[in-house]
Amino acid sequence: MTATPPTPALETRQLTKVYGEGNTRVVAMQDVTVRVERGEVVALLGPSGSGKSTFLTAVGLINPPTSGSVWIGGELVQEGPRALTDLRAFRRRHMGFVFQKSNLIPFLKARENVQIALELGSLGSREARKRALQLLDDLGVGERSEHYPTELSGGQQQRVAVARAIANQPELILADEPTAALDSNRGRQVMELFREIARQRGSAAIVVTHDHRALDVFDRIYEMEDGVIREGQDDLHTRAKPDPPPAT
Amino acid sequence: MNLALRDVRHNLGRFVLTCLGIGMLLMIVMGMGGIYRGIIEDATLLVDRVDADVWVVQRGTRGPFAEVSRVPPSLQHRVAAVPGVVSSRDFVFHTIQREREGKPLRIAVVGLSWPEDRGDWLPLVEGRPLAQNHYELVADRSLGLPLGEEIQLGRERYRVVGVTTGMLASGGDGIAFATVRDAQAIQLELSGEAVRLEREARRTRARRGQLPLVQPALAERAGSPSASIPALPSQALTAVLASVEPGREEEVLETVSRWSDVTGYTTTGQRDLLLMGNVAKVRAQIGLFRALLTVIATIIMALILYTLTLDKLHDIALLKLIGAPNRVILALILQQALLIGAVGFGVALALGSWLFPRFPRRVILTEPDLVQLAAIVVAISVLASLLGIWKALRVSPNEAVG
Ligand SMILES: Nc1ncnc2c1ncn2[C@@H]1O[C@H](COP(=O)(O)OP(=O)(O)O)[C@@H](O)[C@H]1O
Ligand SMILES: [Mg+2]
């Protein structure tokens, strides 16, 4: 992982996903080729149904693409529908997820939700517990650590989810509308958190968001429409006028 | 971190209710097995407890428990003379049904050979064995006759001098032990009026028949007690029991079988007669019912455990998403199933131990039966988990998203 020429955190080639067949056939994502460097925080914009979640889950190795390939940390892990490694172990070691709904395990307390991720990353339970508490503290929810997810506010749940996502120092953080349930202030805080984590730990983050006010936090912006991705310039007004298609 | 325990902790109410439900179900299965054992145990109790090696009964009968048997009183001496027999004694067994405080009272009366057998072998919880030839009873607790109680049976009053526990006849009736003489009297002695009527009937028969013309003495004696009429010897014994030198049972049986009026059985033979005869159908019935109940319990438990897993599918998808290996997911499902099974079994055992002694007939929980049921519960838990695990391994981590 520490090769001299910096390998990108994520690289995809011609990722395509087709749902259904015949009448119900939907091309949710078409020939998506992107490259995200370590330390980079990237926003993914696009109207509902444009294929953002499809892309994110394909890259997250939980929704195999119809064709195309995924490299993570320089390793080819997915080629079409074929997995080239133990995806679950790979996710555990190299990826962190945050979703719109908090997706915490309901029968585990906040601390335990983070701790389980650490233990799965083969940390001893005592050590994992300490680290989990530390992470929750860092994210400002330390005093809620012994509460169940249902006892936390939406923002607190998201923070715990973020803590869990970054617990194992993943190379790639994938977040699908993580701030949808939050007010814009808290939303921005979460985005800045990703920014900070990426800088500190050299990991990359791809964040699907609708919140245009926080776009300045990101290094780059991708936009998706009808399954096709293109790199956006930076802001609202650039999105409004139809750009010339990027050179592919 | 143990996920199964944490899920239980978080859903404690549901867990407790599930365990209670399964516990009650298992208690019924357990109880049915106990009733089955109880029937067998009760059926063979007397045969096992009465210390006899060979039972000599009326020829051709399967007595004394499976059917009525009558042997002459002199048989005891005949049996005693058989080579290999150490000692022999009289035995009387019959069931009576009387009324007591407006309720039917069924008593299995066992006559003990006085003075050789005073009932020292009885499992007494109160009082003492028989101490005199007459008018004493050792009654089983299930009869509800307290120590010191006097009870009118036939023409005499009998005092309860000892109380046993768990002494039941194959039909489930409590046993009262008396001396052979008393046991005979209880069964045969009629009320004064009945005796007068019987004697009058005999006199009438004597007047009408030809016999008194040939034998005038018979007409004279027609009105005396029946025991004094030699033409009608009393055959009031049920069986004769013999203690035999070790290893010579077959030899004694061989000798006895040559006599034309009696049949001999070993204790094992008696047991078989009881189990094949008296209780065979009840046993088969309960046995089948128990098997059926076990199958039903299996299905219900499997469904409950499967449903519990289905409820957790989203959580399992989430665990997969964050990279939990299958072994973690397997452990979650399996441990919880086993926990529910184990706690359910414990509930069944606790509830059963409290409830079963209150049943009218004995419910016997034997260790092998309990171990067997425990093994079945483990098997059910694993089996039911496999269903859930099969489902859980198929769920895509993508389902956690959305
Ligand atoms: N499991 C699925 N089966 C069939 N069609 C799907 C499935 N998931 C998404 N789609 C379709 O693929 C397209 C892209 O969906 P999605 O990736 O969820 O978009 P977004 O996240 O940008 O809203 C939509 O037209 C959606 O209807
Ligand atoms: Mg989406």
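Helices (H or I, at least four residues) and strands (E, at least two) are DSSP runs, numbered from the N terminus. The legends below use these names. This is a predicted model, in which local features need pLDDT of at least 70 and side-chain atom pairs count only at pLDDT 80 or more, while totals for chains, interfaces and linings use all residues. Residues are numbered from 1 along each chain as its sequence is written, chains are lettered from A and ligands numbered from 1 in the order in which they are written, and side-chain values use heavy atoms, with hydrogens and water left out.

**View 1. Confidence in the two chains.** pLDDT is the predictor's confidence in each residue, from 0 to 100. Chain A has a mean pLDDT of 87. In chain A, 91% of the residues reach 70 or more. For chain B the average is 85, and 93% of the residues score at least 70. The model as a whole scores ipTM 0.87 and pTM 0.75. One stretch of chain A needs care: over residues 236-243, pLDDT stays under 50. For this stretch the model has eight contacts beyond four places in sequence (contact means heavy atoms within 4.5 Å). Where pLDDT is low, the predicted coordinates should not be read in detail.

**View 2. Helices α3 and α4 of chain A.** Two packed helices are described by the angle between their axes and the distance between the axes. Axes are lines fitted to C-alpha atoms, for helices over the stretch in contact, and angles run from 0 to 180 degrees between N-to-C directions. Here α3(A) covers residues 110-120 and α4(A) covers residues 125-138. Their axes come within 8 Å and cross at roughly 125 degrees. That makes α3(A) oblique to α4(A) (under 35 degrees counts as roughly parallel, over 145 as roughly antiparallel, 65 to 115 as roughly perpendicular and the rest as oblique). The crossing is right-handed (the near helix is turned clockwise from the far one by less than a right angle; anticlockwise is left-handed). Among the residues that meet are A:Val114 and A:Leu118 from α3(A), with A:Ala132 and A:Leu136 from α4(A). The contact residues divide into eight nonpolar, two polar and four charged. Ala, Val, Leu, Ile, Met, Phe, Trp, Tyr, Cys and Pro count as nonpolar, Asp, Glu, Lys and Arg as charged, and the others, Gly among them, as polar.

**View 3. The loop at A:Ser122.** A:Ser122 lies in the loop between α3 and α4 of chain A. A:Ser122 is not a glycine, yet its phi is positive, at about 60 degrees.

**View 4. Helix α2 of chain B and its partners.** α2(B) spans residues 12-49, and α13(B) spans residues 367-394. The two axes come within 11 Å and cross at roughly 150 degrees. α2(B) and α13(B) are therefore roughly antiparallel to each other. Their crossing is right-handed. B:Leu26 and B:Met30 are among the α2(B) residues that meet α13(B), where the partners include B:Leu370 and B:Leu373.

**View 5. A cis bond in chain B.** The peptide bond from B:Trp114 to B:Pro115 is cis, with omega near 0 degrees. B:Pro115 sits in the loop between β3 (103-112) and β4 (124-127) of chain B.

**View 6. Two domains of chain B.** Domain 1 takes 3-42 + 280-400, and domain 2 takes 49-277. These bounds come from an automatic or database domain assignment. The domain centres, taken over C-alpha atoms, are 50 Å apart. Six residues from domain 1 and ten residues from domain 2 make the contact.
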